[in-house]
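Subject: The two-chain model, and what turned up in it

Hello,

Here is the structure I promised to pass on to you. Have a look at it first, and then read on for what was found.

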Amino acid sequence: MNKNTRVIVQGITGREGSFHTQQMLKYGTKIVAGVTPGKGGTQVNSVPVYDTVKDAMKEHEADASIIFVPARYAVDAIYEAVDAGIKLIVTITEHIPVLDMARSIKYARARGARIIGPNCPGIIAPEESLVGILPARAFKKGKIGIVSRSGTLTYEVSELLKNSGMGQSTVIGIGGDPIIGTSTLEVAKMFDQDPETEKIVVIGEIGGTMEERLAEAYKRGEIKKPVIAYIAGMTAPREKRMGHAGAVVYMGMGTFESKIRAFKEAGIPVANTPYDIPKLLLS
Amino acid sequence: MKLYEYEGKSLFKRVGIPVPNGVVTSEPIRWQGKAVVKSQLLEGARGKRGLVRVTEDVYNTILELKKLGVEKFLVEEFVPHEKEFYASVLLDRETAEPMLVLSREGGIDVEQAKDVKKMIIPLERGVRSYDIVEAEKYLGVKGLGQIIQGLYKLFVDYDAELVEINPLALTNDGRILALDSKVILEDNALYRHEDLLKELGRQEVRDSYVELEGDIGIIGNGAGLTMASMDLVKLNGGNPANFLDVGGGASREHVKESVIKVGSNPRVKKIVINIYGGITRCDEVALGIVDALKEVKKPIFVRLLGTNEELGKKILRENGVNVYDDVLKMIGDAVRS
């Protein structure tokens, strides 16, 4: 993703959709069209609105879509974007039922489309393009790639890096749900290939085994660049959902301890707190 | 949404999973012969806490349990059995497919079980005959068809997060019965099951409040930041009393209610609030905190950053609230105070 990425906003006329369209435009993102069924022919912040993604695609070329559609209709919006041929679908919406996501992610993959999210803050390439809801103030162009399961922690850590004189190449919030379109490992591999990125920060949480899989891949040499990790939820009790659907430990899978152990065995330094991350990056 | 055991068992019956004969009651009842009286609570470890009792005297057992504050009971026939197993269906996050989990050790904490079999059963195909053969071979019993089909059907049709039978018993007369039920429905999909909620007399509640054991209340915005704050309290030698994520774009009213909720817990001695405002506006947060302080007379330590932070800090300072820029200092001060 870069400054030339052309973006469609699905749910552009809603409260979040219209506000963040304005923020993204201000950041320099190329938003070519918006979609809200029944609002075709209108405009939001001078962006033309269409009834369907297909209609929008007749008039504009787009590489990516960002979804602000309410949870009950968001899965339809994902299928619609895939069917219209969009290859990158950033789903901000939270509270989408997990089985719906499981099916739509499989559908998108089979058709060569990538979903980021759901329940995610999106992507930012600092000083180039923002496809998401990340607050611009936390970011500065630089050489660190960040991949994170948590929205606010992403902002927090980015701001810490900025204050320590480090910037970010690209920051991706992949979302906190149990089933998400793009995993920590997939993003880390992209960072590994990206000439703009020198080091990778992984922000994880309890639940699931994505972080463990990244650690194994690192150990096998599939990621060559230095990785620093942090995991939230050291003190979280088991089988309790911590704030969002993904941060829950069932059957003892994806505990804080198992993630830390995996990172340590792979030789990845682990920060005790988010505030230790800059120090580890500089050392 | 976690279901009560008796609610889970009513769903079991619907999909053909056999359960013992029983009745739900909130008052003492007369019962012929040996029975199991099971307190209906949503918390686990009822057995260890003496809230499940095998008795010949149901009437007085219920009276005793009522004195402990239990309000609802499931009274079931006592079923002599020779073996106990474990069976559940949940989502495998790696493959994004439902997973059947079986164990030859039942009645235990499955996390501790050494003998566990996991079978991925993809959504496109559902349970097939060969899955059942494989499961029956592993457990060494026959007649699992309805049970596995039923667990899977509940998981998919009711958007469950977890459907668990523990223990699943092989009775002395060769039947297979679900002696317990644990069903957790996915909150995000409850809108599709309004009929079921109405039937159970339950209401959809979204709550991100989690109770812990310590004495420092924890509030943050965003699950990750809130968890990190909770962990930091612990790393600094304190003990978190709870976890409350106010979520994105929290209003003054919501912040006020959240602080009151955390502050009114008698174990909470002080409250730590960590906010990075993106969608959330710091002035709204500050006003909510100030409103809550009229009712909550406990020390509050706040770190505010992000959207409208200057305004938010000003509001807090004018009302005598400790407001910080530095999280580590804020948490350090809170723990030591």
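Predicted model: local features only at pLDDT ≥ 70, side-chain atom pairs only at ≥ 80, totals over all residues.

**Where the chains meet**

Chain A contributes 58 residues to it and chain B contributes 56 residues. The size of an interface is often given as the accessible area lost when the parts come together. Here the two chains bury about 4,600 Å² between them, and 61% of that is on carbon and sulfur atoms. On the side of chain B, the residues that lose the most area to chain A are B:Arg93, B:Glu111 and B:Tyr276, which together account for 17% of what that side buries.

How many salt bridges does the rule find across the interface of chain B and chain A? There are six of them. In one salt bridge, the side chain of A:Arg137 meets that of B:Glu309 at 2.9 Å, N to O. Another salt bridge joins the side chains of B:Arg303 and A:Glu156, at 2.5 Å, N to O. This pair crosses between chains: B:Arg303 sits in strand β15 (residues 300–306) of chain B, while A:Glu156 belongs to helix α5 (residues 151–163) of chain A.

Which element gives the most to the side of chain B that touches chain A? That is helix α6 (residues 223–235) of chain B, with ten residues. Sorted by class, this side of chain B has 28 nonpolar, 19 charged and nine polar residues.

**A six-stranded sheet in chain A**

Next, turn to chain A, where six strands form an open sheet with mixed pairing, in the order β9-β8-β11-β10-β12-β13. At its edges stand β9 (129–132) and β13 (227–232) of chain A; each has a single partner strand, so one side of each is left without a neighbour in the sheet. From one strand to the next, the twist averages 15°.

Within this sheet, strands β10 (residues 141–148) and β11 (residues 168–173) of chain A run parallel and are joined by five bridges. To find your way around there, look for A:Ile144, which stands opposite A:Gln168 in β11(A). Helix α6 (residues 184–193) of chain A lies across β10, β11 and β12 (199–205) of that chain, and runs at about 160° to β10(A).

**A four-stranded sheet in chain B**

In chain B there is an open sheet of four strands, ordered β1-β4-β2-β3, with antiparallel pairing. Its edge strands are β1 (22–25) and β3 (52–55) of chain B, and one side of each lacks a neighbour in the sheet because each has a single partner strand. On average, neighbouring strands of this sheet are turned by 20° against each other, direction ignored.

β1(B) and strand β4 (residues 73–77) of chain B run antiparallel, with four bridges between them. One landmark is B:Val23, whose bridge partner in β4(B) is B:Val75.

Helix α1 (residues 5–14) lies across β1, β2 (35–39) and β4 of chain B, at about 50° to β4(B). Helix α2 (residues 58–67) of chain B lies across β1, β2, β3 and β4, running at about 15° to β2(B).

Enjoy exploring it!

Best wishes

Terms used: Residues numbered from 1 in each chain as written. Chains lettered and ligands numbered in written order. Heavy atoms only, no water. Contact = heavy atoms within 4.5 Å. Buried area = accessible area lost by both parts, 1.4 Å probe. Salt bridge = Lys/Arg side-chain N within 4 Å of Asp/Glu carboxyl O. Helix = DSSP H or I, 4+ residues; strand = E, 2+ residues; numbered from the N terminus. Nonpolar A, V, L, I, M, F, W, Y, C, P; charged D, E, K, R; others polar. Pairing = 2+ DSSP bridges. Axes fitted to C-alpha atoms, helices over the stretch in contact; angles between N-to-C directions.
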